[in-house]
Amino acid sequence: MDTNLPVSDKPRVVIVGCGFGGLRLAQALRKAPVQVVVVDRNNYHNFQPLLYQVATGALEADSIAYPIRKIFAGQTNFFYRMADVQRIESATNTLVTSVGHIQYDYLVLATGSLTNFFGLESIERNAMQIKSIPNALNLRSFIFQNFEKALLTSDPAEKQALLNIVVVGGGPTGVEISGSLAEMRKHVLPKDYPELDLQAMQIFLVEAGPALLGPMSLASQADAKRYMDDLGVLVQLNTAIKRYEDGKAYFSDTEFIQTENLVWAAGVNGAEVPGLPAEAVTRNKRITVNDWNLVQGQTNIFAIGDVANMVTTDMPQGMPMLAPVAQQHADHLALNLQRMLRGETPRDFVYNNKGSMAIVSRNKAVVDLPGNIHFNGFFGWLTWLFVHLMTLVGFRNKVVALVDWAFSYFSSDQALRLIIRPFSRRDVKDDKGKKGAEHRTATVEYNATPPAIQEPA
C-alpha cells in the first residue's frame, strides 16, 4: 500500500505520535523549510490529564479530543497518516507502518507512555486502566454496569464487591480519580441509586510508597492525604497489590480487598518503537537520548516527551513524564532541527520547571511552584482549572469544558452517566498475537539526505 506522500526537495521530518510533544513540534515547524509528516493510530489529539473526568462522567470524550487534521488546517508543509507503527529500519531511514513504508530524513519519536503492570499478569488481564479515551469510556461503562448489577443481587458479599472501588497508585491520576469517585458517591449516586446503601460503598486508594503524590512537596502530600480522609477515601500507604483474581485484590498471600472494580494507575512505561538497538532502551522502556534529544547511537532519530530518557545532573533518573517536559522538548528540538539544516551545532536542552499540581475534588487542589511556593484549597483548585482550560486544544472544547464544569459545580451533578457501549473484560483482546503479522507495504521514494550529526564530546 502506498502512503501517497508527495516527494519534496525539502528534508522530511516524520513525527510518531500526536500527543503534547508531537503536536507542539509539528506546530513549531510550521514555517521551517521541511516537510512535516505526523503518524498516529488515532485521528485526534487526546488531552490525557482530563481522562479521569471522562471516566467519571464529568466530561464527554469529544470535549478532550480534537481532530488532528483540523488542528493543522492551513499548515502547508504538514501531512498526516493514520497508521500503527511497526518498526524502524534505521539503516535505510525507513519507518514501517500498517499502511506502508515511510522514508524520513529526521525521525522523531513522541509516542508517550503505556501503563506499566510490573509483570503482574492477573492485574494486566483483569484490571481497568486509564491511558486513552477508549479506556476511560470502558471504565465509565464498567462502573455503572456494576451498580446496575448491585441492584439485582441479594448476596451481601457480591453486592459489596460490586460497590467497592480500588484505585492503585497514589500519583496525580490515582488521587484525581479517587477524589472524583468520592464526589460522585456523595452527590450523584444517591440520586440515581436510592435503593442502594451507598454508605457501604468503599473507595480504596492503595499506594506502594510512603506518601501520596510522591514527586510533589511534603506540604502537597500532607494536603492530599487530609483531603482524601475528608472525602472518606480509605488510603492505604506502603501497600502493594500483588494480584487480582476472582474479584479479590490481594496485598498479601491471604489478605485481600473484595472488589469488582480495580483501577490500575500505579505506573507507566515508555511506548518504545521496535527497531532501535537494545542498549538505547532503558529498563522502563524509555529511550536514552542526549541533551539534543538525539537517540543513543543514532544520527537522525530523536525522542521527546515521556518516551525520552534524558539524564542530567539534577535529574539522574531522567526527566519527569509530564506534559510541560514534552512541550519544552518539542520547542527546543524544533530550533535545533533548523540549526542543523543551517549547518550549525545544536544547543543543549535546559528544563524550565514551572511547577506541578493535582486536583482532589471541588475546592480542593494542591499546587507547587518553583521557589518552594505551595498553595492549596480553593485558590489551588481555580489555578488547576485555569491552566487545564487554557491548555485544551480548540475553542469549542474550552467552552464545553467550562460549561460542564460550571454545571457540575453549581448543581453538584454530573450529567454524563451513560453506558453507551457496555463493557466486559472479555472484550479486551490480546494484541500480542498481532505481532509478526504480515502487512502489505509500499516504499515511498524519497532522496533528500539529512546533514550528518555528531555526538557531543
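**Group meeting: a helix pair and a buried isoleucine**

UniProt, in an unreviewed entry, places the feature "domain: FAD/NAD(P)-binding" at residues 12-330; UniProt positions follow the numbering used here, feature names are shortened, and annotations may be inferred rather than shown by experiment. The model is predicted, so local features need pLDDT of at least 70 and side-chain atom pairs count only at pLDDT 80 or more, while totals for chains, interfaces and linings use all residues. Residues are numbered from 1 along each chain as its sequence is written, and side-chain values use heavy atoms, with hydrogens and water left out.

Over residues 12-330 the chain is 30% helix and 24% strand. Helices (H or I, at least four residues) and strands (E, at least two) are DSSP runs, numbered from the N terminus. The end C-alpha atoms of that stretch are 16 Å apart.

Now the helix pair. H5 (residues 133-152) and H7 (residues 172-192) pack at an angle of about 40°, their axes 14 Å apart. Axes are lines fitted to C-alpha atoms, for helices over the stretch in contact, and angles run from 0 to 180 degrees between N-to-C directions. H5 is therefore oblique to H7; under 35 degrees would be roughly parallel, over 145 roughly antiparallel, 65 to 115 roughly perpendicular, and the rest is oblique. Leu139, Ile143, Phe144 and Phe147 of H5 make the contact with Ile177, Leu181, Met184 and Leu189 of H7, where contact means heavy atoms within 4.5 Å.

Next, Ile68, in helix H3 (residues 68-71). Ile68 is buried, at 0% relative accessible area; buried means under 20%, exposed over 50%, partly exposed in between (1.4 Å probe, protein chains only). Leaving out residues up to four places away in sequence, Ile68 touches Cys18, Asp40, Asn42, Asn43, Tyr44, His45, Phe78 and Tyr80.
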